[in-house]
Amino acid sequence: MLADGPEKTGDIERIKNEGKELTKEEKQRLRKEKKQQKKNKEKKDEKAPLESEKEKKPASSSPASQATAQPPTQKASSGVPAPAPVPVAASEAPSPVDKPAKSKAELKAERRARQEAERASKQSKKGEVGQQAAPSKAKAPPSELQPVVKRLPEHIQVDNPEVLKKLAKKLERQQIPLRSDYGYKVSLFSHLHQYSRKAPLTQQLSIPSSVIHPAIVQLGLQYSQGIVAGSNARSVALLHAFKQIIRDYTTPPNEELSRDLVNKLKPYISFLNQCRPLSASMGNAIKYIKKEISNIPSQCKEEEAKSKLQDCIDCYINEKIILAAKAIAKYAIEKISDGDVILVYGCSSLVNHILCEAFEKNRKFRVIVVDSRPRLEGREALRRLVQRGISCTYVLISAVSYILPEVSKVFLGAHALLANGYVMSRVGTSQIALVAKAFNVPVLVCCETYKFCERVQTDSFVSNELDDPDDLIVTRKGKTHLEHWQDVSSLGLLNLVYDVTPPDFVDLVITDLGMIPCTSVPVVLRVKNVDQ
Amino acid sequence: MEFQAVLMAAGGGSRMTDLTYNTPKAMLPVGNKPLMWYPLNLLERVGFEEVIVITTKEVQKMMSADPKIKQDVKMKLEVVCIQEDGDMGTADALRHIQPKIKTDILVVSCDLITDAALHEVVDLFRAHNATLAMLMSKAHEFTETVPGQKGKKKTAEQRDFVGVDESGKRLLFMANEADLEEGLSIRKSILRKHPRVHIKTGLVDAHLYCLKKSVVDFLTDNKSISSIRGELVPYLVRKQFSKTINGQKTKDDVEDQNQKKSDSSTNLELHISSRDEPLLQLAQERSCWNDHRGDMSEAYHGGKLRCYVHIMDQGLCYRVNTLAAYIEANRLAPKLFEEPVVHPSAVTSERCQIGSDSIIGASCQVAEKTSIKRSTIGNSTTVKEKVKVTNSIIMHGVTIEEGCNIQGSVICSNAIIGRGADLKYCLVGNGQRIEPEAEKTNEVIVGTDQLMEI
């Protein structure tokens, strides 16, 4: 029987494998591999092979199998270890014999198990890694069942000394100075960085900066001093700096532009991160540039490649920022009707653009600008709108529930749109959205698609940015009460930059793809990924 | 490369001829180091690796002979020689080296001694994309008595009027008293844009300028400007508010400007705008930042030319261009660096008293029973017994015989002071001899050849 078994295995396999010739050694190897797979399959906890195994050894354990038809797992685990060769042979041998005794389902299960075994053996025949493939395959499913823990980004683990050490080492390798945190941090936010504007990173750099391109040093300074602020402005300035870097770049000998340029960009990005944490829009722009650089074919000449990259950057800015703004303005203007009272918060370049366009299209509306300390960006928005001739009212955020009964719509800008539909924007936005919801005023968020980000966040604590706490200090009538706040041990100053608004408070998101509800963000992301 | 450093070391020291008639100003010893070592050290500390030094042949020779410069300065010095008698101003010198200039420049004068944090000046230059950024400091009163000064009152120096905006960083106005005949007049356009102007007079210009490369190119086209401090800086400050630079460029404006091709302002504006100007404009438009508030104009009032100044209120900053400044610098320069009071190679006997704020140079010989307080003794100087030196500066190679009493004086190199001489507040020129038992107070003793040079 045993002798017949392998031959019959060979027949079956020959039929199944569409006429492949098997030598004796191969057959033996096959048998061994099948044994191994069987063992691994036990661990896998799959019902089909176990069931089929159970079915396949009625000869060896017929009374037992008939008695315990149901729980195959126990039978399998008890059955397999000891009589290892027997079930293998028995699996092949009794199948033709016991055919009439089994039902159709059992036959199906058997065939499935056999096919799986043969597929596995084919893979093992193809490459010598077969032995490893099977156990790795066995290992993979169990780990999938365990929760997949992604690595936390380091910028929200500032209170973990090991993470800080790793960061310091990385910066040292890239020859970038480490910016030290400043002042007492409120305990809820002690996992975030807090820098002082009076201690710029350039203090520790040599003045003719040789490690970091001068355009990047200039950009980092402008970020940390707030001269370039706002999601769109930061991205445009970043891409402008990248254009300069590409222009000044020369490929070193024995290197490829596609790989070397990407490596050159890494320390610059770390430097900018140290000056001010990167925004989601900047992150997407960087990803795009890196992809474009790596896609440059190696036979492309340097000049050609450089001009191609610069064109890509121009194209990106044109499409994602300028044209997107036009498209969003077009959609948004449909939503603005004559006699509207529109509430805006802070200074969002996109919302300002929309309002100016609507005014030029002769819509009659007035605007209420809500502002908050310490940034007081609303003043700049107010200036831009009044310059165009739009009639505006200016209030601070503490008066928003007073003014809301007059408001017909709320237009908000966004810093990023998260994958679970939450809107990340300047701190105070969620307050406005909440109060607007309470007054049943529609809230429309305007956001370009390049700001969509795959992060998921439900609260404003986990990932945020802490600005310089000294910004909160104000001098009135010559008196600065908070001047020595550091000396008071129980006092902490908190200057948050962003907050997240849940999608229930947002009625519509106007993007360049159209007007979508807040919860459709993951769909857009998925479509974008497929496109790329 | 971001910056190229340029050191102006060809100056003649016209305000302290007594000291400089033999030694060029750049090589005058201050704290036993040549004067130009201090700005070179400053540049090296900040991280420069190359400096272009504009100087005369004489100074170049002395530089190569000087041990301090050869050993301590690790940077690469590219020396450009110019004629000493030719009337070359600092801007002329910049025009001369224009082919070498590839990036923005940092111009330093050789007589600057400071411990300022240079990144403050450079950060203003970078962050605001400025055309000019400079360093100034609050002037300190010189308290030491200057030898050879008749009477207490100093001649009234020409004051500088510097106007800055509210933040104290933007330079709005700069004029010297000599140029203002009737009074100080400020254009209305400046006041309209910056309603609050702070005008300061007690500031010392450190002569440290960050200039854009386009300014150097502009200088090659405009040969009439010869001095940076005297002409170029006031010109740039004035041009910030010039009408041709600001405002939208319409077709008519372009035609007008084509007509006045010789107008230097057009050239400057053309030089300033960079490539990718539209992208920069876009970024600035979208950014919610403004440098001022209260009126309807955008950031920087739409102006492309901007001048910034960093005013230091603490720390050392000296321009060694007068005798008083020279003495003051000698007093304070040693405090900048932690150096031993007595040079290791100097031979001092045990019974001499050397104060802790004095410096004894290399290869000196100080005999017994001498007392040296608050003084600087140069290299290779011999001081014999029973000499009292207080509050003085003694340069290299001087011989002081026994029993001398030197107070508040400046003794230049290779002078010989005879025994028993008593000098108070005197200046002894190079190689002079003071006869023994001489008593001189408040005198300037120089050679006859110098007297001829007026």
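**View 1. Where chain A meets chain B.** In this predicted model, 39 residues from chain A and 33 residues from chain B make up the contact. The size of an interface is often given as the accessible area lost when the parts come together. Here, about 3,200 Å² is buried between chain A and chain B, and carbon and sulfur atoms give 61% of that area. Look for 16 residue pairs in polar contact across the interface of chain A and chain B, but zero salt bridges there.

**View 2. The side of chain A that touches chain B.** Helices H11 (214-225), H12 (231-248), H15 (302-335) and H17 (378-388) of chain A are the elements that each give two or more residues to this side. The largest share, seven residues, comes from H12(A). Sorted by class, this side of chain A has 19 nonpolar, 12 polar and eight charged residues.

**View 3. A look around Gln274(A).** Gln274(A) sits in helix H13 (residues 257-275) of chain A. Is Gln274(A) buried or exposed? Its relative accessibility is 5%, so Gln274(A) counts as buried. Among the residues that Gln274(A) touches, leaving out those up to four places away in sequence, are Leu171(A), Pro177(A) and Tyr195(A).

**View 4. A salt bridge between two helices of chain A.** Side chains of opposite charge can pair when their charged atoms come close. Arg388(A) and Glu360(A) form a salt bridge, with their closest N and O atoms 2.8 Å apart. Arg388(A) belongs to helix H17 and Glu360(A) to helix H16 (residues 349-360) of chain A, so the pair ties together parts that are 28 residues apart in sequence. Arg388(A) is partly exposed at 44% relative accessibility, while Glu360(A) is exposed at 53%.

**View 5. A salt bridge between two loops of chain A.** Asp467(A) and Arg375(A) meet through their side chains in a salt bridge (2.9 Å, N to O). Asp467(A) lies in the loop between strands S7 (443-446) and S8 (498-501), and Arg375(A) in the loop between strand S2 (365-371) and H17, so this pair ties together parts of chain A that are 92 residues apart in sequence. Asp467(A) counts as buried, at 9% relative accessibility, whereas Arg375(A) is partly exposed, at 26%.

**View 6. A buried pair in chain B.** A salt bridge (2.6 Å, N to O) joins the side chains of Asp160(B) and Arg229(B). Asp160(B) is in strand S9 (residues 160-164) and Arg229(B) in helix H9 (residues 228-239) of chain B, 69 residues apart. Both Asp160(B) and Arg229(B) are buried.

Conventions:
Residues numbered from 1 in each chain as written. Chains lettered and ligands numbered in written order. Predicted model: local features only at pLDDT ≥ 70, side-chain atom pairs only at ≥ 80, totals over all residues. Heavy atoms only, no water. Contact = heavy atoms within 4.5 Å. Buried area = accessible area lost by both parts, 1.4 Å probe. Salt bridge = Lys/Arg side-chain N within 4 Å of Asp/Glu carboxyl O. Polar contact = N/O pair within 3.5 Å; in protein donor to acceptor, adjacent residues only side chain to side chain. Helix = DSSP H or I, 4+ residues; strand = E, 2+ residues; numbered from the N terminus. Nonpolar A, V, L, I, M, F, W, Y, C, P; charged D, E, K, R; others polar. Buried < 20%, exposed > 50% of the residue type's maximum accessible area, 1.4 Å probe, protein only.
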